[in-house]
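I am opening a notebook on a structure that is new to me, and I want to write down what I looked up in the order in which I looked.

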Amino acid sequence: MLNDKDLLSIEVARMYYEFDKTQQEIAETFSISRPTVSKLLKYAKEKKYIQITIESPVDAINSLEESLKEKYGLREVKIAYANPLQGSGANERNMLGKQVAAYLENIVQDKDRIGISWGETLYHVSQEIQPKAVQGVEIVKLKGGMNLVQADTHDQEIMTQFVKKYNAKGQYIPLPVVFETEYAKNTLLKEKQTQKILEKINEVNIALYTIGTVTKDSLLYRMHYIADDEFAYLEEHAVCDICSRFIDEKGGICLEDLNSRTFGIDLEQLSKVENSILIAGGDSKIKGIHTALINRIPNVLITDSMTALKLIEY
C-alpha cells in the first residue's frame with residue numbers, strides 16, 4: 001500500500017523527469033523545501049518508482065543506422081558519433097574519414113574498380129584509409145578536375161593516397177569538370193582515349209562521393225566554371241550538386257545546358273553502382289542528402305550522428 005510519502009515522491013519525480021521542472025519550482029508547487037525535493041527524488045529511486053535507462057552509444061548508433069536504412073530503403077548505413085559540443089568542420093570530416101576507412105577495409109577486394117570524387121571530405125578519407133593487401137585494384141576519378149586553375153580540391157593528393165594504400169593503378173582525368181561549350185566536350189568525346197576513360201568510370205563497382213551546397217563558396221562558381229546568370233538560376237532551383245551534377249528537390253537535373261558541359265559520371269549511372277556510397281554530414285547538407293536518398297542515388301550512406309538524427313526527423 002502506498003503511503004503519503006510514496007505518492008508525493010512519485011508526483012515530485014513526474015514533475016522533475018517528465019515535465020522538466022526545476023527542484024526549486026517543485027518545492028514552490030508543493031510548499032516544501034528544496035532539500036526535501038532532493039530527498040524525495042532519492043527516495044523514489046530507492047523505491048524503484050524511478051527507473052532510468054541510458055542507452056549506450058553503440059546501441060544508439062545501431063538503432064539510428066537501422067532507422068535510416070528502413071526510412072530510405074538503403075542497403076547499408078554507417079554513422080560516426082559526433083560530439084555536439086565540438087561543432088562541425090574539420091573534426092566532423094575527420095570522423096567521417098575514419099568511418100569510411102573502416103567500411104572500405106571490409107568491402108574492398110581484389111580487382112575492384114573504385115571511383116572517387118574530390119574535395120575536403122574525400123581528402124580526409126584518403127588520409128584515414130589503411131594499406132590493404134589487394135591485387136588488381138584500379139582507382140578512377142568520377143569526374144573531371146580543375147587542372148587549369150589553382151583550386152584546393154586535393155584531387156591529385158586523394159588519387160595518390162588511394163593508389164598507394166591499395167597498391168592500385170590510377171586512372172586520372174586530364175580534362176576539366178565543366179567545359180566552356182558543349183561542342184568542345186563533344187569533340188573530345190570522339191577521341192578513343194576519352195571513350196576509354198568514360199568506360200572505366202561507368203564500370204566502377206565502388207563509388208565514393210559527397211554533396212555540394214549551392215553557395216558562392218562553391219569551387220565551380222569561384223573558379224568561374226559557372227556564369228553569374230547560371231548560378232542565380234541554381235540558387236533558386238537547385239538543392240545540391242552530386243559529382244558536379246546539380247539537382248532540384250525532385251532529383252531532376254537543374255540547368256541542362258550546364259549539365260551537358262559537365263564531364264563525369266551521370267546520376268543515373270551512379271545509382272546503378274554496386275556500392276554507391278554517399279559521404280556527407282552537416283546542417284547545410286540535410287536537404288541535399290535527403291533529396292539524394294529519396295531519389296535512390298546512393299545505396300550506402302555514411303554520415304555523423306547529429307545529421308542522422310535530423311534526417312530521421314526530416
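Before listing any neighbours, I note that contact here means heavy atoms within 4.5 Å. I also note that the model is a predicted one.

**Entry 1, a glutamate.** I began with Glu65, which lies in helix 4, residues 57-72, and I found that, leaving aside residues up to four places away in sequence, Glu65 touches Val77, Lys78 and Ile79. I then asked which side chain of opposite charge is nearest to Glu65.

I stepped back and counted 15 helices and nine strands in the protein chain. Its C-alpha atoms fill a box of roughly 90 × 50 × 35 Å along the principal axes, and its radius of gyration is 26 Å, whereas a compact globule of 314 residues would have one near 20 Å. Buried residues make up 49% of the 314 residues. Of the contacts with a separation of 6 or more, 73% are accounted for by residues 24 or more positions apart. The chain exposes about 16,500 Å², of which carbon and sulfur atoms supply 48%.

I next looked up the largest nonpolar core, which has 44 residues, and in which Leu104, Ile139, Phe162, Tyr166 and Leu208 have the most contacts. Helix 5, residues 90-107, gives the most to this core, with six residues. A second, separate core has 40 residues, including Leu74, Leu189, Ile297 and Leu311. For Tyr166 I listed the residues touched, not counting those up to four places away in sequence, and among them are Leu104, Val108, Ile114, Gln130, Lys132 and Ile139.

In helix 7, residues 155-165, I found that the buried residues are Asp155, Ile158, Met159, Gln161, Phe162, Val163 and Lys165. The helix is followed by Asn167, whose phi is positive, near 50°.

Last, I turned to Lys285, in the loop between strand 8 (275-279) and helix 14 (286-294), and asked why Lys285 counts as buried. It does so because its relative accessibility is 17%, and the cut-off for buried is under 20%. Lys285 touches Thr210, Ile211 and Thr213, not counting residues up to four places away in sequence. The C-alpha atoms of Lys285 and Ala101, which are 184 residues apart along the chain, are separated by 21 Å.

Key. Residues are numbered from 1 along each chain as its sequence is written. This is a predicted model: local features need pLDDT of at least 70, side-chain atom pairs count only at pLDDT 80 or more; totals for chains, interfaces and linings use all residues. Side-chain values use heavy atoms; hydrogens and water are left out. A nonpolar core is a set of buried Ala, Val, Leu, Ile, Met, Phe, Trp, Tyr and Cys residues joined through side-chain atoms within 4.5 Å. Buried means under 20% relative accessible area, exposed over 50%, partly exposed in between (1.4 Å probe, protein chains only). Helices (H or I, at least four residues) and strands (E, at least two) are DSSP runs, numbered from the N terminus. Lys and Arg count as positive and Asp and Glu as negative; His and the chain ends are not counted. A salt bridge is a side-chain nitrogen of Lys or Arg within 4 Å of a carboxyl oxygen of Asp or Glu. The radius of gyration is taken over C-alpha atoms; the globule rule is 2.2 Å times the number of residues to the power 0.38. Accessible areas come from the Shrake-Rupley method with a 1.4 Å probe; for residues, only the protein chains shown count as cover.
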